[in-house]
Amino acid sequence: MSIVKQIQEATVKTLSSTFNEAFSEKDFQINQTKPEFEGDYTIVLFSLVKLLKKSPEEIGNELGNALLKDFPHLFSAFNIIKGFLNLNITNSFWIALLQKNHNDICYGKHAMNGKKVMVEYSSPNTNKPLHLGHLRNNFLGWSVAEILKANGYDVLKSCIVNDRGIHICKSMIAWQLFANGATPLTTQKKGDHFVGDYYVLFNDEYKKQVAALKADGMTEGDAEKNAPIMLQTQQMLHDWEAGKPEVIELWKKMNNWVYEGFDVTYKTIGSNFDKTYYESETYLLGKDIIQEGLDKKVFYRKDDGSVWIDLTAEGLDEKLVLRKDGTSVYMTQDIGLAKQKYDQYKIDQSIYVIGDEQNYHMKVLKLIAQKLGLPYADDIYHLSYGMVELPTGKMKSREGTVVDADDIVAEMIATAQHHTEALGKVKDFTTDELTALYKTIGLGAMKFYLLRVDPKKKMIFNPEESIDFHGFTGPFIQYTYARIKSILRKEPLLKNDATPNNLLPLEKEVLFILEQFPTIIADAAKELNPSVLANYLFLLAKTFNSFYTEHSIANAENMEKKSLRLQLAVMTANVLSNGIQMLGINMPERM
RNA sequence: GGUUCGGUAGCUCAGCUGGAUAGAGCAUCAGCCUUCUAAGCUGAGGGUCAUUGGUUCGAAUCCAAUCCGAAUCACCA
């Protein structure tokens, strides 16, 4: 049980017995004591002043003395400043925490809870390569899955590949028109980039044709609808849906090129899925639910045959769920896929890692599921994250202003190599070891950079300023770990039971933070927010570094101290390593 | 226009279930490597927490209005 929880319970008991009234945890607040005051944790007394009609001084004194008397193993001293009761936790508490947990690899992890969760993330389109925004999505999804696992959930990672539709046909048409049979092999190009180039080519040609039609006197709207290349693309989509063999063959060929490219990227960034759905296999799902909804009068049919749901009572609009020609829209298949996920895996929760541009869509999806009375409706959760933007605004693949995922990852790895070589600390590494190290550090910097920000918030990436390797970064934490490991290679844990009874301020500070790890893991899961963890790991590493420079571990004042500090180092290394693993980042043993 | 989200140091971000003098990192400046890895440590400067009003013993945090920015409201994906 966390120290805060113990203080809460102790305070509730003590208040109730001292003042002869029933109290609960909600009657007071516990904060960390500010560094400028003496103490570890602070009970804010103002709320009790009203309840007890006594001065903060009186309450603080009575409560402080009673806590000390009833819980001597927890509290060693107290002081009152204004309305704040500052409590000192006993050294023996901190030392016992260290001795019990320092070598426990599972410290901070929670027992299995029997709940099954699916996390859907990544969800790429097969008409263009991944960009920085996809990386944020991937890292978020992966990290949330790992955090949930650490909290005892059975987690399934899934991905829906948008492999069909008008946008896919655009690349296909452009390839037919301009490629002259070129392939990724003949051009020595990564498959996803190769196909992406034709998507760009489509748009270039389309713009030209629209401009030409406008010059001939057509209105903009008509020109956009009647550009020959657009008509060809629409025809191709119809042919695809009709299963025309040559179109299907081309579609398969080009998608496979893309998959080969994606595989390389996923392998590099260390991402994978337990289950991959393909839109081409799911886009017809959900149609039967439409009929069910019509029967239940949740949906209604307009005169032209299209099917709608009226959400105006919920403050939203009317939403189409089936086109007049009977074909499904995105909402239709999303309802269908949501059901399939639930039917297949009996999941307790379905988390969708999708950008905040689809907040409305996801809100409607959940609402429709609820109105249909589907059993899993309430367990649909949209983990909405903000877009990664450039200083100039949103990234647009059509305008070539995207930061390509492969490029930025390669750049990060190259920067890691540059730093490593400049420092010259691992000259004895083999080529393979060096390659692995550069990747560990470069990706560590990249992932940490994208995960340290609250997912809900949009973030700005400036390509002019390279991502840092110093300060609040992945490499900073990796470095802290590597230094600890370096010590532990020379100085293994001592086998003695001698325990010092005093703690220096920095020793206690590190322990104070280590104690919070299980709580942080739980908070990160509750909020589905890896940045909580990232911030925590940085604080721990920073505090340990201060301790490290101030106090020698190998040459401690005596054996008791040495033993204690080695345990402190081991526990810090374990927590840093386990924690950063949940961000999808690896630790180097040396760097 | 409706709905939703955001505005904290030069830059990127914490803090937001109300609590003590608003914190980090980067950048700038000044120090620290004969001692466990200096990708580190110590210190300095840097703030109208968008604005105004309200609630409260107490507001960056809650409420209202205003200003600014973004997303979304397609028989697009």
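In which helix is Thr265 found? Before I come to that, a word on what we are looking at: this is a predicted model, in which local features need pLDDT of at least 70 and side-chain atom pairs count only at pLDDT 80 or more, while totals for chains, interfaces and linings use all residues. Residues are numbered from 1 along each chain as its sequence is written, chains are lettered from A in the order in which they are written, and side-chain values use heavy atoms, with hydrogens and water left out.

Let me begin with the whole chain. Chain A comes to 22 helices and 15 strands, where helices (H or I, at least four residues) and strands (E, at least two) are DSSP runs numbered from the N terminus. Its C-alpha atoms fill a box of roughly 90 × 65 × 45 Å along the principal axes. Of its 591 residues, 53% count as buried, that is, under 20% relative accessible area with a 1.4 Å probe, counting protein chains only.

Now to our residue: Thr265 sits in helix H11, which covers residues 245-269. Thr265 counts as buried because its relative accessibility is 3%. Leaving aside residues up to four places away in sequence, Thr265 touches Leu130, Lys190, Asp192 and Asp406, a contact meaning heavy atoms within 4.5 Å. With one of these, Lys190, the side chain of Thr265 also makes a polar contact, side chain to side chain, at 2.8 Å; such a contact is a pair of N or O atoms within 3.5 Å, and within protein one must be able to donate a hydrogen and the other to accept it, while residues adjacent in sequence count only if both atoms are side-chain atoms.

How values were computed
Buried < 20%, exposed > 50% of the residue type's maximum accessible area, 1.4 Å probe, protein only.
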